[in-house]
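Here is a brief report on one protein with ligands. Look over the sequence and the coordinates before reading on.

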Amino acid sequence: MKFNPEYSTKESLLELYQKPLLELVFEAATIHRKYHNPREVQMSSLLSIKTGGCPEDCGYCPQAARYHTDINTHKIMDVEEVLEQAKNAKANGSSRLCMGAAWREVRDNKDFDKVVEMVQGVNDMDMEVCCTLGMLSENQAKRLKNAGLFAYNHNLDSSKEFYKDVISTREYEQRLDTIENARSAGISVCSGGIIGMGETEEDRIGLLMSYMEMENPPESIPINALVAVEGTPLEDQKPIEQWELIRMVATTRIAFPESVVRLSAGRTKMNMEAQALCFMAGAGSIFAGDKLLTTPNPEFNEDQEMLSILGLLPKASFSDAPQPETKPDPILIERKRQEETREKELKDAKETKNKFEPRNIKSVDSL
Ligand code: SAM
Ligand code: DTB
Ligand code: SF4
């Protein structure tokens, strides 16, 4: 059951969202137990492979170049460094790595070639690889799929109506197109939203309705609470009540029984009891490690203790779908071939030059 036919209208979903809290959690927990192993939680690691300098104006985002935020911007990371970090994440129990880049859209350049290499390398470590790189064309999606990409994250963030109050540099439709491009390339879709941006409860339901209207709703739905970052237009947003996040997780769980609901940004503001209710209500994943992309996340040890107290176990990779195959990438192969040819030409030129260059000026003079 990809979506729950009992709650396929805006009215029924809103009524569900507004149910007495414990009734809602109980209903969600019941569905969760039917479709998932309630003892398991997937630990995912986030890695910002390119930070800041983004041309977009997303009102929540510290990485938009136009806002004066205190983040450490950097250009795209080296492939080796990313693979090293992936290895550490795996050693610490993460079965999924999500690589994020502060791009409006993917461009067909050397930076994208690097991402393709990163995807190949991480997939070869038997971790689920997810990327969130902004807008993606059909061909770029195919290339990522070919490299072994498991999932593509592209959030709709809120309802279509509220979206334009937060972002003016792109349209909701463009987000839907990218999701469709990932989907038709055979990549698993990860798409969710942020609550606490000043939206109404109807907007939260509107986000879920956007997924209801899809032929195939996302396999993975991250629910973020806004991290209000100084310097962004949403810096003064009042933090949401923990109950609201629990309601959103539970409603999403019930609406999309098969999807993995991810308790994402905003956990530093939650106590363990509230997080426990989210797990009860069907959250099946958290981000591990003390940093999200640019903002803080609970400490690794703190999370380990929480999981141990709650009796939750880390979920293995590829429990829900088979591992994609890493196939050779013709563009990378051609680039490597060209680089090798260039290197050889340089070496040959050097040798030829050395061979014919007069070594001893004196002896030349004396001729
Ligand atoms: N540039 C790409 C894009 O927008 O799709 C990928 C990176 S972007 C940072 C990924 C997601 O992070 C956004 O869609 C948004 O849902 C989430 N995000 C960004 N800033 C956030 C914040 N301050 N609080 C909560 N979530 C945030
Ligand atoms: C998602 O929905 N949340 C993650 C992941 N997908 C890429 C990102 C959260 C970012 C929070 C703000 C930051 O750390 O910059
Ligand atoms: Fe750029 Fe993504 Fe941040 Fe928007 S959310 S400003 S697209 S990095």
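Where is the place of Asp 157? Asp 157 sits in the loop between β4 (151–153) and α6 (160–166). Helices (H or I, at least four residues) and strands (E, at least two) are DSSP runs, numbered from the N terminus.

## Basis of the model

This is a predicted model: local features need pLDDT of at least 70, side-chain atom pairs count only at pLDDT 80 or more, and totals for chains, interfaces and linings use all residues. Residues are numbered from 1 along each chain as its sequence is written, while chains are lettered from A and ligands numbered from 1 in the order in which they are written.

## Overall layout

The protein has 13 helices and 10 strands. Its C-alpha atoms fill a box of roughly 105 × 40 × 40 Å, taken along the principal axes. Domain bounds come from an automatic or database domain assignment. That assignment gives domain 1 (15–326) and domain 2 (332–357). Their centres, taken over C-alpha atoms, are 45 Å apart.

Of the 367 residues, 45% are buried. Buried means 20 or more other C-beta atoms within 10 Å of the residue's own; exposed means 12 or fewer, and partly exposed lies in between, with C-beta atoms placed from the backbone.

Asp 157 has phi near 70 degrees, a positive value in a residue other than glycine. Asp 157 counts as buried because 23 other C-beta atoms lie within 10 Å.

Asp 126 also has a positive phi, near 65 degrees. Asp 126 is in the loop between α4 and β3 (128–132). Is Asp 126 buried or exposed? Asp 126 is exposed, because it has 12 C-beta neighbours inside 10 Å.

## Helix α4

Helix α4 (residues 110–123) has 14 residues. From first C-alpha to last it reaches 20 Å, close to the 20 Å expected at 1.5 Å a residue. The expected span is 1.5 Å times one less than the number of residues. Buried residues in α4 include Val 115, Val 116, Met 118 and Val 119.

## Ligand shells

Ligand 1 is surrounded by 18 residues; the closest are Thr 132, Asn 155, Asn 224, Val 227 and Ala 265. A residue is near a molecule if its C-beta atom, placed from the backbone, lies within 6 Å of it. By class, this shell has 10 nonpolar, 7 polar and 1 charged residues. Ala, Val, Leu, Ile, Met, Phe, Trp, Tyr, Cys and Pro count as nonpolar, Asp, Glu, Lys and Arg as charged, and the others, Gly among them, as polar.

Around ligand 3 are residues including Cys 54, Cys 58, Cys 61 and Arg 104. The shell of ligand 3 divides into 5 nonpolar, 2 polar and 2 charged.
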